[in-house]
Amino acid sequence: LGVEKAFPHVKFMRPVEFTHAGDGLDRVFVVEQDGRVHVFPNRPDVKETKVYLDLRNVVRREHNEEGLLGLAFHPNYRTNGQFFVFYSVTPRGSVVSRFRVSKTDPDRADRDSEEKLLQFTKPYGNHNGGCLRFGPDGHLYISVGDGGLGGDPHGNAQNLESLNGKILRIDVDHKDADKNY
C-alpha cells in the first residue's frame, strides 16, 4: 500500500470536500473551509484551479469547525445547473443554499443566484455537520450537527423541535408556498 498525490501541482487550504458535478465535463471540485469552491480538469498534470464559487465574505470561520462545509450537485445538474452548499454564518448559525451555474461560464457559479433554503441558529461553534448528499429518491439529505459543546448539553439531537442533531431530507424540486423547497 502506498500514497500517491493525485494532483501534485495544486494546493488547497483546509479542503473539506472533493467531488464532481456528474455533468460529463471530466472536472472535479474542491471545497475549502474558508468559503471557496475550486474547479479544475480531472488530470494529474493540472497546475491551476479556477474559483467556481467564493463565499468568504459571508462564511463564518471563527471556530475550527465552522466554514463552508458541504457541497452537492443536483442529480440533474447537467440540465438545471443547480447545486447546494452548507455554510456557517454570523450570528452563529448554519445556512443551506441553492445556487446555479453561470449561464456563460460552466466553470463559474452565479454568485447572485443564491436562494436560502434553510437557516438555523447554533449555540456553539463546533458540531456543525454540513455533509450534503442526494439520495436515490432525489431528495437532498443534510447532516446537521447537534450545535456544539460536549455531550449535546441542550439536548438538540433528541428534541424534535430543533433542526440541530438531525439528518434532514428535503425535496428541492417542489416548493411549498412558504418555503424555497
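Biologist: In what order do the 4 strands of the open sheet come?
Modeller: The order is β1-β2-β3-β4, with antiparallel pairing. Strands are DSSP runs of E, at least two residues, numbered from the N terminus. Two of them pair if DSSP finds at least two bridges between them. This is a predicted model: local features need pLDDT of at least 70, side-chain atom pairs count only at pLDDT 80 or more, and totals for chains, interfaces and linings use all residues. Numbering starts from 1 along each chain as its sequence is written, and side-chain values use heavy atoms, leaving out hydrogens and water.

Biologist: Which are the edge strands?
Modeller: β1 (15–19) and β4 (50–54); each pairs on one side only.

Biologist: How many bridges between β3 and β4?
Modeller: 4, in the antiparallel sense. Val 39 stands opposite Lys 50 in β4.

Biologist: New topic. Is Gln 82 buried or exposed?
Modeller: Gln 82 is buried, because its relative accessibility is 11% (buried is under 20% relative accessible area, exposed over 50%, partly exposed in between, with a 1.4 Å probe and protein chains only). Gln 82 lies in strand β6 (residues 82–89).

Biologist: And the rings: how are Phe 86 and Phe 120 arranged?
Modeller: Their centres are 6.5 Å apart and their planes at 65 degrees, so the pair is edge-to-face. Rings of Phe, Tyr and Trp (its six-membered ring) pair if their centres lie within 6.5 Å; planes under 30 degrees apart count as stacked, over 60 as edge-to-face, the rest as tilted.

Biologist: Where do those two sit?
Modeller: Phe 86 is in strand β6 and Phe 120 in strand β8 (residues 109–121), 34 residues apart. Phe 86 counts as buried at 0% relative accessibility, and Phe 120 counts as buried at 10%.
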